[in-house]
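Open your viewer and keep the selection tool at hand. The stops below go from the chain contacts to the sheets, the domains and a few backbone details.

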Amino acid sequence: MSATAADEKHPLELEGARVSVKKPEVRYDVQGEMSEAERVARAMQNFVKDFGRTAAIYMESCIHCGMCAEACHFHHVSGDPRHTPIWKLEPFKQAYKREYGPFAWIYRTLNLKPKVTVAELAEWQELLYDTCTVCGRCSLICPMGIDIASLVSQARHGMFQAGLVPHELWAVAERGAREGSPLGATPKVFADRVAWLADDHEIDIPLDKPKADVVVTMSSIEIMKYPDSIVATARILNRLGVDWTFRTDGYEATNFGLLSGNTAWQKKMTMKLIDAAIAAGAKTVVLPECGHAYTALRWMGANMLGRPLPFEVQHIAEFLADNIRSGKLRLKKVAKSVTFHDPCQIVRRGGAVEAPRIVLEALGVELREMEPAKGLNWCCGGGGGVVTIHRADRLRYKVYQLKMEQIEKTGAELAVTTCANCRQTFDDGQAHFKSEREMGSLLELVAENLSDGE
Amino acid sequence: MDLLAFARGPGMQWATAIFVAGVLWRLVGVALLRRKPDLSAPRVAAKWKGLRLIVLRSWPRKEFLGGTAFTEVMGYVFHIGFLVALFFYLPHVLFFADVAQGLLGVTFKGVFGVAWPTLPGGIIYFASAVSVAALIAVLVHRLVNPVKRLISNFDDYFSWFVTIAPIATGMAAYSHIGAPYQTLLALHLLSVELLMVWFPFGKLMHAFTIFAARGSTGMLFERKGATL
Amino acid sequence: MNPAKTIGERLAEAGVSRRAFLKFCTALASMMALPPAAGPAMAQAIATRERPSVIWLPFQECTGCTESITRSHTPTLESLIFDLVSLDYQETLMAAAGHQAEAVLAAAMKENFGKYLLIVDGSVPLVEDGAYSCTAGRSNLALLKEAAQGAAAIICVGTCSSYGGIPRAAPNPTQAVPVSAVVKDRPIVNVPGCPPIPVVITGVLAHYLTFGNLPELDPLGRPKAFYGETIHDRCYRRPFYDQGRFAKTFDDEGARSGWCLYELGCKGPVTYNACATLKWNAGTSFPIQSGHGCLGCSEPDFWDRGSFYRPLAAADWGSAKTVGAAAAAGVALGAAAAWAARRRQDRFVKEAAAPADRKPEG
């Protein structure tokens, strides 16, 4: 299938409240031509392929207490026991026992854990993709301390290689690997957009400087849907007088290889960023307002490269916080009450808990925290690729309501976050429920309130 | 050889051997698996501080308490009842003392200066009864709660059985209900041996793996500064 | 000796009053857990019966059992028992010796063939056709086989004849066995104990005289009336066990206060005998009362069940050696499993290296 054919088959939808492929009339949730046996074998093998000691000890430790269900937003709104986080791994728990665990030989010889079937795996597609944002809230409740979310990611490795990825997620991931961006933000589109924005806003946006201290990256959601982020970023960095650049050989920070479970694509996407930063001799790579981009480069990048990264990786909020703390960045006070939505990958799982709050403090807003907030927050429901999947909408909107109630309860005038995927999930949710409230960008809020006092 | 002689002799010897071999098999089998080093730059250098999760996770955060209180409380009750009976009933203590003497050549008193304390039979009996009641409650919960019922398998029910059996037979032996003492004692020992034999192969292994799992997650998360 | 007279007549001749005899029978009845009304019935039954002939054969034994019976604590019992039965052969007690004694034995066995009670103390060695224990040139084994043929029933007095006892203790060089291993076709009552309580022996005899059959037995062939409960169940120190008060050494405060001896190795909880109720030496005391734990001497293989001073709970879990071997095996298996898992993983990595970008097809 040529690139054009793929585009025809999976046309992008960039005008709506969320960016994804258009709602498919016929779903192709099974990819590739393989015998059922091969599909199952690939699922099992790719699941345990990257297994290590830690994942194994998790697999050995579950006591089936069912408490993780309490933490999961999908289970919370559906009440469906199948949405219990650890149950989402059931076929893969069997695979682990049969293929990899210390008693694997016994399990295989006595056939105690029968091989899973393609039908089972197909059934689990919904559980592993549609109803899991890999937000990791369940990982905080597990009395055994199992990081369930990390296991879901591993299970997706198996699902991808078995050709069992939801239609839309597969399509955007494939496009990402092929074109360099899952949502059509190809290097040419990006360069055009940067040029157009620079003209439009009469602002200097450096692109493809051969050398720069700071290489800044963007998410395709921002490029295609929230281009103001690009302007905001440029405005702040220029104000700080940083030697920075965007690079067309490494700008796309989203990583649908990671979300869909294709480790080769994940590596390919990550290596573009790393290679570009190394080529520019960057001291710092700034990641955009995107959750999983932080996981992909900040925490997994060095492991893709095979050695520690020769530069620092910062989420834009961390970058802003650092410059606020050092006094370089001064902001005007915003006399408003604000609530902050913690993006799971950046805050709960990424550890950048305080940075966005430092920024908000500098803005002088009245911060009204949600209940619960920070690491315990409820996920917006759109992460982990879920927002791309039309099939997942019905439940995702219910999850979204949970989040929305939380926000309304704070009574804050503004709601901001620092993840473009969360933002589009909110936009989509608000459009669905025909509500007015907007989810703002922390980055843009900062850019709008740069102090002129210098 | 009568039942008791078997339970006290060969039965106990085999159970001990299987327990020791099985536990090590499983632990070593996991410990020697690959572990790729994490090359990312840590946010918190002292990642070992994350080991506090081993203690921290012993009680759920208040945000989670609502739906988990029953499981948590019942879990604590049956564990404590079980452990009180296991570690503070004189015959058990004497058994462990014998094992310590045989394996390490030490006595508790010799090392710590004071004898391992024991509790009167009545208290042990009460603790056992409470434990049995809580175990029955968790079984009922497992059967009626949709989540637990769905995710349960043979391991869950059998592990439940081999846990309650030693307590129940121990109580029967203590109060001489149902059969001659020697028979009850033999059944008690055999049920303990069943527990020991099943232990390494089922979920009871969480008694050991809980520390490794919590510790691993704690260190991984602490390294990132992620929420523990 | 003329067995034609009834026991009643003989008792009268011996000057035993009917009242004294009735009292004896009532005491026996209560010991055997029979209802009180059984006493007079017993007296009636016994008095009108002829004295049965009793042949007592000692095999591999220490004479402790005989010593025990001569110390019967019911004052008149010693005499009574010899009035109740015609003890035709008992090497230790009889006056005759040598050929004379052998002739008595032969005569008793012949005259009362099929009717005599055979009492045996001591185990029977099997090695070298039983050459390890002989009387008048005949092995115990041969004598037992012959004597058993004419016996109405066999009463095994002591743990040796009941279960092999100390001669049978490991390594059992004489291949000692209990009577029940040699004789299969005669009713056998085991009265174990090292030695057994004297009144238990007389109780069994009285039962036989009264009812003409053997008392109800437990699975180990012991009369339930005397061996139905453990020492522990009836021990006067039991409350201390329940309260968790234990003597830690034989000379500590606990020991002086009469606390439970469980920790010092008492085998009371697993020993079925009547010591705690009937006691010894005219009801004076029994081992635990005298400050020493029960040895469990009436149980099979009691000599080989670990130290008498090792607490019962210290089961035979093995040794540092066996546990070490198990640990080594576990580590080896774990290492092998991890190695196999790594190899499988390598294979999977290779197989997964196949191109990954597959096209979606319906």
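Two residues are in contact if their C-beta atoms, placed from the backbone, lie within 7 Å. This is a predicted model, in which local features need pLDDT of at least 70 and side-chain atom pairs count only at pLDDT 80 or more, while totals for chains, interfaces and linings use all residues. Residues are numbered from 1 along each chain as its sequence is written, and chains are lettered from A, ligands numbered from 1, in the order in which they are written.

**Stop 1: chain A against chain C**

Select chains A and C. Their contact takes 24 residues from chain A and 17 residues from chain C. On the chain A side, highlight α2 (36-49), α7 (104-110) and α10 (167-179), the elements that give two or more residues each. Helices (H or I, at least four residues) and strands (E, at least two) are DSSP runs, numbered from the N terminus. Now colour that side of chain A by class. Twelve residues are nonpolar, eight polar and four charged. The classes are as follows: Ala, Val, Leu, Ile, Met, Phe, Trp, Tyr, Cys and Pro are nonpolar; Asp, Glu, Lys and Arg are charged; the others, Gly among them, are polar.

**Stop 2: chain A against chain B**

Zoom in on α3(A) and on helix α1 (residues 3-31) of chain B. Their axes come within 8 Å and cross at roughly 150 degrees. Axes are lines fitted to C-alpha atoms, for helices over the stretch in contact, and angles run from 0 to 180 degrees between N-to-C directions. Show side chains for A:Arg53, A:Ala56, A:Ile57 and A:Glu60 on α3(A), and for B:Arg26, B:Val30 and B:Ala31 on α1(B); these residues make the contact. Four of the residues in this helix contact are nonpolar, none polar and three charged.

**Stop 3**

Strands pair if DSSP finds at least two bridges between them. Look for A:Val215, which stands opposite A:Val285 in β5(A).

**Stop 4: the four-stranded sheet**

Move on to β8, β7, β9 and β10 of chain A. In that order, they form an open sheet with parallel pairing. Which strands stand at the edges? They are β8 (366-367) and β10 (439-441) of chain A; each has a single partner strand, so one side of each is left without a neighbour in the sheet. Strand β9 (residues 414-417) of chain A pairs with β10(A) in the parallel sense over three bridges. Pick A:Ala415 to find its bridge partner in β10(A), A:Met439.

**Stop 5: domains of chain A**

Colour chain A by domain: domain 1 (36-161), domain 2 (175-323) and domain 3 (329-448). The bounds come from an automatic or database domain assignment. Taken over C-alpha atoms, the centres of domain 1 and domain 2 of chain A are separated by 32 Å. Five residues of domain 1 are in contact with four residues of domain 2 in chain A. The domain 1 side has two nonpolar, one polar and two charged residues.

**Stop 6: backbone details**

Most residues other than glycine have a negative phi, and most peptide bonds are trans. Select A:Glu371 and A:Pro372: a cis peptide bond joins them, with omega about -5 degrees. A:Pro372 is in the loop between β8 and α20 (393-410) of chain A.

In chain C, a cis peptide bond joins C:Cys194 and C:Pro195, with omega about 0 degrees. C:Pro195 is in the loop between β9 (188-191) and α11 (198-211) of chain C.

Finish at C:Asn172, in the loop between α9 (159-163) and β8 (176-177) of chain C. Its phi is positive, near 50 degrees. C:Gln175 is found in the loop between α9 and β8 of chain C, and has a positive phi of about 55 degrees.
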